[in-house]
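Trainee: Could we work through this model together, one question at a time? I would like each answer to end on the name or value I asked for.

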Amino acid sequence: MHHYGSGLNAIPVLSEYRDHPDDFYLLRVGYAGTMECSLTSIRKGFCPRIPFLSDMLRSDPVSGDNGPNFFGHAWNAATYVVQHPEFGWVAFGGNLRTDGDVVRVTL
């Protein structure tokens with residue numbers, strides 16, 4: 001389930017990650033919050049849809065929620081490239097390819 005505050009909540013999480021780049025959990029949670037609701041709520045024609053609320057099991061009657069959430073997405077828009085001890089090279093916000101010792105990322 002999505003939440004319209006995820007993009008805003010991701011701002012301090014990714015800020016904390018940038019201060020502590022060894023904490024992969026902060027990157028995973030922050031980036032997920034940045035991406036999930038702000039972009040998935042945009043439908044054909046680029047019009048944001050009214051979010052579906054899991055506690056009400058219906059669409060939210062207030063449609064202005066996507067604006068603040070999209071701000072969080074725009075504020076955090078970035079590509080993060082990390083060499084993780086278990087997963088190897090990973091990219092958040094891009095497509096990663098390795099060729100020997102060379103790491104290539106396409107945004």
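**Helices, strands and cover**

Trainee: In which helix is F24 found?
Mentor: Helices (H or I, at least four residues) and strands (E, at least two) are DSSP runs, numbered from the N terminus. By that count, the element that spans residues 24-40 and holds F24 is helix 2.

Trainee: What kind of model is this, and what is left out of the side-chain values?
Mentor: Residues are numbered from 1 along each chain as its sequence is written. This is a predicted model, in which local features need pLDDT of at least 70 and side-chain atom pairs count only at pLDDT 80 or more, while totals for chains, interfaces and linings use all residues, and the side-chain values use heavy atoms, leaving out hydrogens and water.

Trainee: Is F24 buried or exposed?
Mentor: A residue is called buried under 20% relative accessible area, exposed over 50% and partly exposed in between, with a 1.4 Å probe and protein chains only. Because the relative accessibility of F24 is 13%, F24 counts as buried.

Trainee: How far apart in space are F24 and V82?
Mentor: V82 belongs to the covered face of strand 5, together with Y80 and H84, whereas V81 and Q83 make up the uncovered face. F24 and V82 are 58 residues apart in sequence, and their C-alpha to C-alpha distance is 8.6 Å.

**Strands 5 and 6**

Trainee: Which residue in strand 6 is the bridge partner of Y80?
Mentor: Strand 5 (residues 80-84) pairs with strand 6 (residues 88-92) in the antiparallel sense over five bridges, where pairing requires that DSSP finds at least two bridges between two strands. The two strands are joined as a hairpin through three residues. H84 stands opposite G88, and the bridge partner of Y80 is F92.

Trainee: How many residues of strand 7 are buried?
Mentor: L96 is found in strand 7 and is partly exposed, because its relative accessible area is 27%. Strand 7 covers residues 95-99 and is hardly covered, for among its five residues the count of buried ones is zero.

Trainee: Which residues form the negative surface patch with D19?
Mentor: D19 is found in helix 1 (residues 6-19) and counts as exposed, because its relative accessibility is 54%. Lys and Arg count as positive and Asp and Glu as negative, while His and the chain ends are not counted; the place of a charge is NZ of Lys, CZ of Arg, CG of Asp or CD of Glu. D19 forms the negative patch with E16, D22 and D23.

Trainee: How far apart in space are W75 and A10?
Mentor: W75 lies in helix 3 (residues 66-76) and is classed as exposed because its relative accessibility is 55%. W75 and A10 are 65 residues apart in sequence, and C-alpha to C-alpha their distance in space is 9.5 Å.

Conventions:
Patches are made of residues with over 30% relative accessible area and no salt bridge: like charges are joined within 9 Å, nonpolar side chains (Val, Leu, Ile, Met, Phe, Trp, Tyr) within 5 Å. Accessible areas come from the Shrake-Rupley method with a 1.4 Å probe; for residues, only the protein chains shown count as cover. A salt bridge is a side-chain nitrogen of Lys or Arg within 4 Å of a carboxyl oxygen of Asp or Glu.
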